[in-house]
Amino acid sequence: MDLSNDTIVARATAPGRAGIGIIRISGSRCLCVVDKLILQSCSKSVKNQNRKATLAKFVDENNTVIDQGLVLYFAGPYSFTGEDVIELHAHGGVVLLDWLLQRCIDSGARLANPGEFSLRAFLNNKIDLVQAEAIADLIDSSSRQAVRNAASSLQGFFSNEIESLVESIVEIRVQVEAQIDFVDESIETLEQSKIRFQIERALGSLRMILRSANQGCVLQEGLRVAIVGRPNAGKSSLLNCLAGQNRAIVTEYAGTTRDVLREKILLGDLPIEILDTAGLRETNDPIEREGISRALQSINECDLVLLIFDAAQTDPEQEIKNITKYFDEIDKALDERKVILIENKIDLLGKQPQMVQQDNWRVVSLSAKQVLGIPYLIRSVYEYAGIVETGENQYTARRRHLQSLEQAESYLKQCFENFFNISLELIAEDLKLVQKELNVITGKFTADDLLGKIFSKFCIGK
Ligand SMILES: Nc1nc2c(ncn2[C@@H]2O[C@H](COP(=O)(O)OP(=O)(O)OP(=O)(O)O)[C@@H](O)[C@H]2O)c(=O)[nH]1
Ligand SMILES: [Mg+2]
């Protein structure tokens, strides 16, 4: 990871033909670089046009005009990166922008690494790590809810919740330290009971943040869902129905699908990678066997299994009994509680779509062919993913945030449950770890390699 403070440049808009294309420059040599790039008569005015657009002519090495556009100057520290920043708004031609980019490099700027502008914003304390990640998430969002969540994190809602939790942990730590110095630990004092109550409250807040973060993470990253079941149950029909197009071959012959077919779709606001698989049955056909083995593998690699069966042939109880007899993978998935049962072809029985809890299983009755009951399926998947419409501000979160929150939760829970059984020194130590984990999220405590990992996944120019 490059932590140097030289002047960097990158194209901020996507490559390709467009009305305009933007090149962004950041660093102390910004004005010098642009000075060489624009016709002299305008260059002086840029410096005096902080936060205003200046119309300028862009020139080649021989001072011949090659385009005309806008120059936007943001004097540091009041810029995105905290350094001097200039944006060149030229016409969006591929050759033209490459040429202007090269001119910037020839004039002393260096091509930026992916995410380097955001990294500088982070290092210059313009944003914290959660906000930097929210920028990338906002760009990558695949649903409106994901956009809303990322925008909320970018505005600092997630960071603020973490910050206020850190504040309460610091307060508790101060009180614990005071107790260590003055109190005989073997006696349960009123003061100590108060501290334990504060820990309980902090634990409650942490768990609420964890729930929201979990939801934000699922809405950003989505789920991988495998459709499995007997041949002819309607797996491919369900995939086509959810995808809204005929992606998979559907026939009345059992054993049509042989390979795993993957399709990315949006289920409501939830991004899903859906896998259609070969029908599960005992067979000696080597091609079909390979298909079945791939279907079983996909059960292991997915977050959720839709176990589909034909309503006219069997019922949930019977289906589970029969299929688990031959396929351990299904048994395991049921144990892990990552299965929703789909009773398909209800149109043949004239049955209404529904969603019920039967014994331990969620059963959704629908017709893939007639597109009946899909809202029940969506609701069940949402429920499975822990997504609830709260109407409150939600935020985007990443797996690394969840890991830190879970770790912090386990330390804090330990403090709460063992408060009167372990020494206050140990409580103090655990609280310190809680604070550290929370600071990892916002980037107050961070390792270089983590920064490298996060920012290298950004796009160039961001
Ligand atoms: N009536 C009715 N027929 C359906 C429904 N869903 C699927 N079918 C029919 O059932 C047959 C099998 O459907 P597929 O979607 O190919 O089943 P599959 O589970 O993918 O089958 P394999 O790939 O062979 O394992 C086709 O003739 C479908 O038209 C449904 O909801 N109602
Ligand atoms: Mg199929």
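Predicted model: local features only at pLDDT ≥ 70, side-chain atom pairs only at ≥ 80, totals over all residues.
While we are on the backbone, the peptide bond that runs from glycine 76 to proline 77 is cis, with omega near 0°, and proline 77 lies in the loop between β4 (65-74) and β5 (85-92).

Let me turn to the overall layout. The protein chain is divided into domain 1 (8-127), domain 2, which is made of the two segments 135-219 and 398-443, and domain 3 (222-385). Between the C-alpha centres of domain 1 and domain 3 there is a distance of 52 Å.

Next, the sheet. Seven strands form an open sheet in the order β8-β9-β7-β10-β11-β13-β12, and the pairing is mixed. Its edge strands are β8 (261-267) and β12 (354-358), each of which pairs on one side only, and from one strand to the next the twist averages 25°.

Both kinds of pairing can be followed residue by residue. Strands β10 (residues 304-310) and β11 (residues 339-344) run parallel and are joined by 6 bridges; leucine 307 has leucine 341 as its bridge partner in β11. Strands β8 and β9, on the other hand, run antiparallel, with 7 bridges joining them, and leucine 261 finds its bridge partner in aspartate 276 of β9. The hairpin of β8 and β9 has 2 residues between the strands, and within this hairpin glycine 268 takes a positive phi near 65°.

Helix α8 (residues 190-221) lies across β7 (223-229) and β9 (270-276), and runs at about 55° to β9. Which residues is glycine 222 in contact with, leaving aside its neighbours within four places in sequence? They are Cys217, Leu270, Pro271 and Asp303. The C-alpha atoms of glycine 222 and isoleucine 265 are separated by 9.8 Å, although these two residues are 43 residues apart along the chain.

Now to the metal. The magnesium ion, ligand 2, is coordinated by Ser236 through OG and by Thr257 through OG1, at 2.0 Å. Serine 236 lies in helix α9 (residues 235-243) and threonine 257 in the loop between α9 and β8, so the pair ties together parts that are 21 residues apart in sequence. Serine 236 and threonine 257 are both buried.

Finally, the charged side chains, where the count comes to 28 salt bridges. One of them is between aspartate 6 and arginine 110, whose side chains meet at 2.9 Å, N to O. Because aspartate 6 lies in the segment before β1 (8-11) and arginine 110 in strand β6 (residues 110-111), the pair ties together parts that are 104 residues apart in sequence. Aspartate 6 is partly exposed, with a relative accessible area of 31%. Asp6 and Arg110 are also linked with Glu83, Glu116 and Arg120 in a network of salt bridges.

Another salt bridge joins aspartate 98 and arginine 11, with the closest N and O atoms 2.5 Å apart. Since aspartate 98 lies in helix α3 (residues 94-106) and arginine 11 in strand β1, this pair ties together parts that are 87 residues apart in sequence. How accessible the two partners are can be stated separately: aspartate 98 counts as partly exposed at 39% relative accessibility, whereas arginine 11, at 12%, counts as buried.

The last pair is arginine 398 with glutamate 133, a salt bridge in which the closest N and O atoms are 3.8 Å apart. Arginine 398 sits in the loop between α13 (374-385) and α14 (399-417), glutamate 133 sits in helix α5 (residues 129-140), and the pair thus links distant parts of the chain, 265 residues apart. Both arginine 398 and glutamate 133 are buried.

Definitions and conventions: Residues numbered from 1 in each chain as written. Chains lettered and ligands numbered in written order. Heavy atoms only, no water. Pairing = 2+ DSSP bridges. Helix = DSSP H or I, 4+ residues; strand = E, 2+ residues; numbered from the N terminus. Axes fitted to C-alpha atoms, helices over the stretch in contact; angles between N-to-C directions. Contact = heavy atoms within 4.5 Å. Domains from an automatic or database assignment. Donors = N, O, S within 2.8 Å, 3.2 Å for Na, K, Ca; no water. Buried < 20%, exposed > 50% of the residue type's maximum accessible area, 1.4 Å probe, protein only. Salt bridge = Lys/Arg side-chain N within 4 Å of Asp/Glu carboxyl O.
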